[in-house]
Amino acid sequence: MKNLILQHFHPQYENVGKPMPWIVKKSTDNLKRYAKMLGAEYKLLNGQPFREGLRAQCQKLCVLNEEFDKYDNIAVFDTDMFVVNGCTENIFNAEGIGCYPEVHRTRVMNDFKRAFPRLANPDYPILSGSAYSMPREFRQLMRAQINSGMESVFQMISPRPFVDEGILHVLMQKAKFKRETYLDERWSYSSYLPDLDKAYIIHVRYTPHKKGGPVDKRDENCQSLMDKGIIS
C-alpha cells in the first residue's frame, strides 16, 4: 500500500511575507514523524494546487487531482493538528472519510442551508475539514463530479466560511455518496475538551469564551499541551 499524509499551508492576512507560524512548524514536524511511524510519505504543499483563485482552505482538495492517484490512501490534516504522544493508531485503518461532529450536524449544516439553500442537503454530511482520510476510489469518484457547473459552485462557496467542507458536501451529493460511518472524533479532538489523553490527534484551538470574555492564543494552548507532555 502506498499512503500519504498531506498538509497545506499558504500564508494569509497577517502572515503574508513572514516566516512560517510557530504552530504550523510544530504541526508539520509532528505529522512528519507520524507519517514515518506509519511507513507513509509526507508532503507539505503551498500555493494553489487545487484551483487558482480559491481560498487557501479549499486547496486541501488538491488530493482529488489525478497526480495523487498513485497513492492508495491519503490523510489530510490542518496545520494545527498534533498526534498525541504514545498514539499508535493508524489513520489509514480508520473507517470513514471525515468526522461529522454535532456542531457540523446542526450549526454548520444550518448555516450552509441559509447561505446556499439550493446546494445544501441534510441527507448528506458536511464533514469537518480538519481531518480527512480518502482512499483512491473515493477521490476518483469526487473528481468525476467536477464539470464547468461545479467549478462555478467552487467559486461561490470559497469566499464563505464553509470552504473545502462545503465543496465536498456538494460533490458527495452529486456522486450520491453516503456512508453511515464517519471518522472517530478522536482523530480531530478539540484542545479545550476534557480527557485529552484519549484523543488520537488534537486540534489545537482557541478556548471558547462567552462574548466579551478573555481571548487566549493557539500558540499558548499548544505550548501548554507540550509542557504537559500530551503532544510534542
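This is a predicted model: local features need pLDDT of at least 70, side-chain atom pairs count only at pLDDT 80 or more; totals for chains, interfaces and linings use all residues.
Cys62 is buried, at a relative accessible area of 0%. The largest pocket holds about 1700 Å³ of space, and the largest cavity holds about 60 Å³.

**Cysteines in the loop between S2 and S3**

- Cys62 sits in the loop that joins S2 and S3.
- Cys62 and Tyr34 are 28 residues apart along the chain, and their C-alpha atoms are separated by 21 Å.
- Cys58 is also placed in the loop between strand S2 (41-45) and strand S3 (73-77).
- Cys58 counts as buried because its relative accessibility is 0%, and buried means under 20%.
- Not counting residues up to four places away in sequence, Cys58 touches Phe50, Ser158, Val163, Asp164 and Ile167.
- From Cys58 to Gln48 the sequence separation is 10 residues, and the C-alpha to C-alpha distance is 8.8 Å.

- Cys87 is in no disulfide: the nearest cysteine sulfur belongs to Cys99 and is 13 Å away.
- Cys87 has a relative accessibility of 11% and so counts as buried.
- Cys222 is likewise in no disulfide, and the nearest cysteine sulfur, that of Cys87, is 16 Å away.
- With a relative accessibility of 0%, Cys222 counts as buried.

**The cavity**

- There is 1 cavity of 30 Å³ or more.
- About 60 Å³ of space lies in the largest cavity.
- Its lining consists of Ile97, Pro125, Leu127, Met172, Phe177, Lys178, Arg179, Thr181 and Tyr182.
- By class, the lining of the largest cavity has 6 nonpolar residues, 1 polar residue and 2 charged residues.

**The largest pocket**

- The volume of the largest pocket is about 1700 Å³.
- The largest pocket is lined by 47 residues, of which Asp78, Asp80, His203, Arg205 and Arg218 are the closest to its centre.
- Two or more lining residues come from each of these elements: helix H1 (22-38), helix H2 (102-115), helix H5 (163-175), strand S6 (189-190) and helix H6 (218-227).
- H2 contributes the most to the lining of the largest pocket, with 5 residues.
- The lining of the largest pocket divides into 20 nonpolar, 13 polar and 14 charged residues.

**The second largest pocket**

- The second largest pocket has a volume of about 230 Å³.
- Of the 14 residues that line the second largest pocket, Ala94, Gly96, Ile97, Ser133 and Pro135 lie nearest its centre.
- Strand S5 (131-135) and helix H3 (136-143) are the elements that give two or more residues to this lining.
- H3 provides the largest share of the lining of the second largest pocket, 3 residues.
- The lining of the second largest pocket is made up of 7 nonpolar, 4 polar and 3 charged residues.
- Ile97 is named both in the lining of the largest cavity and among the residues nearest the centre of the second largest pocket.

**Helix H6**

- The buried residues of H6 are Asn221, Cys222, Leu225 and Met226.
- An α-helix has 3.6 residues a turn, so residues three or four places apart point the same way.
- H1, strand S4 (81-83) and strand S7 (201-203) are among the elements that cover the buried residues of H6.
- Gly229 follows H6 and has a positive phi, near 80°.

- Lys176 is not a glycine, yet its phi is positive, about 55°.
- Lys176 lies in the loop between H5 and S6.
- Lys176 counts as exposed because its relative accessibility is 66%, and exposed means over 50%.
- Asp195 is not a glycine either, and has a positive phi of about 55°.
- Asp195 belongs to the loop between S6 and S7.
- Asp195 has a relative accessible area of 42% and is therefore partly exposed.

Definitions and conventions: Residues are numbered from 1 along each chain as its sequence is written. Side-chain values use heavy atoms; hydrogens and water are left out. A disulfide is a pair of cysteine sulfur atoms within 2.5 Å. Buried means under 20% relative accessible area, exposed over 50%, partly exposed in between (1.4 Å probe, protein chains only). On a 1 Å grid over the protein atoms alone, a cavity is a set of points where a 1.4 Å probe fits but cannot get out, and a pocket is an open set with protein on both sides within 12 Å along at least five of seven lines; lining residues have an atom within 4 Å of a point. Grid points are joined across faces, edges and corners, and a volume is the space filled by probe spheres set on the points. Ala, Val, Leu, Ile, Met, Phe, Trp, Tyr, Cys and Pro count as nonpolar, Asp, Glu, Lys and Arg as charged, and the others, Gly among them, as polar. Helices (H or I, at least four residues) and strands (E, at least two) are DSSP runs, numbered from the N terminus. Contact means heavy atoms within 4.5 Å.
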